[in-house]
Amino acid sequence: MDLKIAVLPGDGIGPEISAQGVAVMSAVCEKFGHTVSYEYAICGADAIDKVGNPFPEETFKICMDADAVLFSAVGDPKFDNDPTAKVRPEQGLLAMRKKLGLFANIRPVETFDCLIHKSPLKDELVRGADFICIRELTGGMYFGEKYQDDEKAYDTNAYTRPEIERILEVAYQYALRRRKHLTVVDKANVLASSRLWRQVAKEVAAKYPEVETDYMFVDNAAMRMIQDPKFFDVMVTENTFGDILTDEGSCITGSMGLLPSASTGEHTPVFEPIHGSWPQAKGLNIANPLAQILSVAMLFEYFNLTEEGKLIREAVNASLDADVRTPEIQVEGGAKYGTKEVGEWIVNYIKNA
Ligand code: IPM
Ligand code: MN
């Protein structure tokens, strides 16, 4: 296969983990006889500094022109601490999602046996937990009408029937391929938008009798994820709830640095780690590249290149088993490997497989 990849390294640790993702991508393509080309583009704080726009038109064009986007992270504290900043790096991410029509954000929550001890939850609760959160990504409060003055402010949580239907269809496709259990998360006891979600969900559910569908209020879902994460198989929810629940999900597995994601929809799909730009670690060669590398696995799997994805997952597991780990997950007394060294180890594993 011929693959044209747009690479958006972004800010903070982004460029460092991006380099390892690209190296792994190239190694896998070489191994399996695919040709791959990369087009680099700027985004986030980097792009604000360079051209005053966190998602420039040129970057958008490069994304539209590619088969897939390998995205790393955006964000810089100099904007977080400035409430008067007119443009922020995060707006670049939101613009990318909107302009590429990426309405479905797929965030798998998987545990790694050798890292269970890092989880804040008890071993027996978290071992074997394996679910996917499907987060709606281009609607709701993130994009609804907003207003702000010194006395009053609001965000609007608007959803239309087609927006809800299409994300539910995605969720059912995942549920059908997995354990056939879908949990629709909403706040239908309070919010009108959630009542429409539930109404539409009940209609769509009728089309999938082989899937067990249940409905859960978001506060309850947040609690259930801690008390019994193994309850979940596929969960689907609106943009804001999904943002919050996936951070919670990522930390119950033991390390946020390990979870990849895919965003798909109308145009080019985007593959990215779920963690942020960790500006304090920039340039220190300590960031974990595994979430980025696993997002390359998701990229291959999106194109039905399952063997390629499998080899990456196998290489990642092997690196963990060999204790080739970045500092935050290293076993006591074990050698500490850098971002680059972990990436190189995985590339070598792939070459020799
Ligand atoms: C995420 C991030 C973004 C979001 C931020 C950076 C805008 O937290 O991808 O979860 O809120 O969607
Ligand atoms: Mn988030």
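**The H1–H13 contact**

Analyst: On the H1 side, the residues that touch H13 are Glu16, Ile17, Gln20, Ala23, Val24, Ala27, Val28 and Lys31. Facing them from H13 are Thr339, Lys340, Gly343, Glu344, Ile346, Val347, Ile350, Lys351 and Asn352. Sort these contact residues by type and you get eight nonpolar, four polar and five charged. Keep in mind that this is a predicted model.

As for the geometry, H1 covers residues 14-32 and H13 covers residues 339-352, and their axes lie 9 Å apart at an angle of about 5 degrees. Anything under 35 degrees counts as roughly parallel, so H1 and H13 are roughly parallel to each other.

Now for the wider setting. The domain assignment makes domain 1 out of two stretches, 1-100 and 268-353, while domain 2 is 104-257. Between the centres of the two domains, taken over C-alpha atoms, there are 24 Å. About 1600 Å² is buried between the domains, and carbon and sulfur atoms give 66% of that. On the domain 1 side, the residues losing the most area to domain 2 are Arg97, Lys98 and Ile274, which together make up 37% of what that side buries.

What about charges? The rule finds one salt bridge across the interface of domain 1 and domain 2. Arginine 313 forms a salt bridge with glutamate 110, where the closest N and O atoms are 4.0 Å apart. Over the whole structure, the search turns up 24 salt bridges. Another one of these joins the side chains of arginine 127 and aspartate 113, at 3.6 Å from N to O. That pair links distant parts of the chain, 14 residues apart: arginine 127 sits in the loop between helix H6 (123-126) and strand E5 (130-136), and aspartate 113 in the loop between strand E4 (104-110) and H6.

There's another helix pair to set beside yours. H9 (residues 218-227) and H10 (residues 239-252) pack at about 10 degrees, with 10 Å between their axes. With the under-35-degree cut-off for roughly parallel, H9 and H10 are therefore roughly parallel to each other too. From H9 the contact takes Val218, Ala222, Met225 and Ile226, and from H10 it takes Phe241, Leu245, Glu248, Gly249 and Ile252. Those residues divide into seven nonpolar, one polar and one charged.

Notes. Residues are numbered from 1 along each chain as its sequence is written. Chains are lettered from A and ligands numbered from 1 in the order in which they are written. This is a predicted model: local features need pLDDT of at least 70, side-chain atom pairs count only at pLDDT 80 or more; totals for chains, interfaces and linings use all residues. Side-chain values use heavy atoms; hydrogens and water are left out. Axes are lines fitted to C-alpha atoms, for helices over the stretch in contact, and angles run from 0 to 180 degrees between N-to-C directions. Helices (H or I, at least four residues) and strands (E, at least two) are DSSP runs, numbered from the N terminus. Angles under 35 degrees count as roughly parallel, over 145 as roughly antiparallel, 65 to 115 as roughly perpendicular and the rest as oblique. Contact means heavy atoms within 4.5 Å. Ala, Val, Leu, Ile, Met, Phe, Trp, Tyr, Cys and Pro count as nonpolar, Asp, Glu, Lys and Arg as charged, and the others, Gly among them, as polar. Domain bounds come from an automatic or database domain assignment. Buried area is the accessible area (1.4 Å probe) that two parts lose on being put together, summed over both.
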